[in-house]
Amino acid sequence: MLRLDNKIAFITGIGSVGEGWGNGRATATLFARQGAVVFGTDINPAAADTTAATIAAEGGVCAVQRCDGTDSDAVAEAVKACLARFGRIDILVNNVGGSAPGDPVSMDEAVWDMQMDLNLKTVFLTCKHILPVMQAQGAGVVVNVASVAGIRDQLGRDYIAYAASKAGVIRMSKAIAMSNAKKGIRCNTVVPGLMHTPLVEARLVRQIGGNDAEKLIAERNARVPLGKMGDAWDVAHAVLFLASDEAKYITATEIVVDGGVTAARP
Ligand SMILES: NC(=O)c1ccc[n+]([C@@H]2O[C@H](COP(=O)([O-])OP(=O)(O)OC[C@H]3O[C@@H](n4cnc5c(N)ncnc54)[C@H](O)[C@@H]3O)[C@@H](O)[C@H]2O)c1
């Protein structure tokens, strides 16, 4: 079940902002465990190398390329390198992304632009360079990682650019799915809710948690109907399912991985 043997998976953001399991790191590791050959990119090569070392230690294959996903030339180079080494791209996972707080009044225009680039343009650029490869193959799967911020309010917090860009990811996935449905390519989105990844301690505690990790974690856990935040493996398993042949009839839709958060507060 859910095997990816001999599939070549191009995954963006396979590092993590801190020690432990970010969504990209868990996804890359899970894919390798399921038999995929991983070509992972990250703007932080040291973080990506940690992931690759874990995969190699388990007997898997993971090539790493430093790549700023907002830079079209760098993405084109990474795609070229993946094809030179492995000859095809069966699966694309767009995991790069991140949030910056603010509403239209408080947010600098520069931050807005950076958020759009990080969350939306990164998806556009990999699709720009990889969809032609998949179209030539007559087969391929794209899984994009959005956020519940793209489908519901942020519980009193303002993340205007994150919400807009992640909503854009969900909508763009459907459009890509539709224009590629007759070309053997599926495209879907995983929509994580409140996840306990290294991001919480590394960034959110400072950004919105008043430097009190314990309080922020308790607060986030309390908001989830299932009683606690999810983790990177919850996201990775949903990505794996959508990328697998078991999901061969699923396209242009989302899996929400949020412990019930959106149902409780749509
Ligand atoms: N952690 C959560 O609670 C949560 C919730 C909902 C959605 N998400 C989404 O999941 C995805 C991954 O989140 P995470 O928590 O694992 O994040 P993370 O910050 O730990 O990992 C992201 C990785 O992407 C890399 N990266 C950042 N900018 C890049 C760029 N321009 N080009 C290439 N690589 C870049 C970072 O170096 C890092 O290794 C993001 O799209 C995020 O929006 C996370």
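**Fold and aromatic pairs of a predicted chain**

Reader: What percentage of the 266 residues of the chain count as buried?

Author: This is a predicted model, in which local features need pLDDT of at least 70, side-chain atom pairs count only at pLDDT 80 or more, and totals for chains, interfaces and linings use all residues. Residues are numbered from 1 along each chain as its sequence is written, and side-chain values use heavy atoms, without hydrogens and water. Buried means under 20% relative accessible area (1.4 Å probe, protein chains only). Of the 266 residues, the share that counts as buried is 51%.

Reader: Which aromatic pair is stacked, at 5.4 Å centre to centre?

Author: A search of the whole structure finds three aromatic pairs, meaning rings of Phe, Tyr and Trp (its six-membered ring) with centres within 6.5 Å; planes under 30 degrees apart count as stacked, over 60 as edge-to-face and the rest as tilted. In the pair asked about, the planes stand at 25°. One partner lies in strand β1 (residues 8-12) and the other in strand β2 (residues 37-42), so the pair ties together parts that are 29 residues apart in sequence. The stacked pair is Phe10 and Phe39.

Terms used:
Buried means under 20% relative accessible area, exposed over 50%, partly exposed in between (1.4 Å probe, protein chains only). Helices (H or I, at least four residues) and strands (E, at least two) are DSSP runs, numbered from the N terminus.
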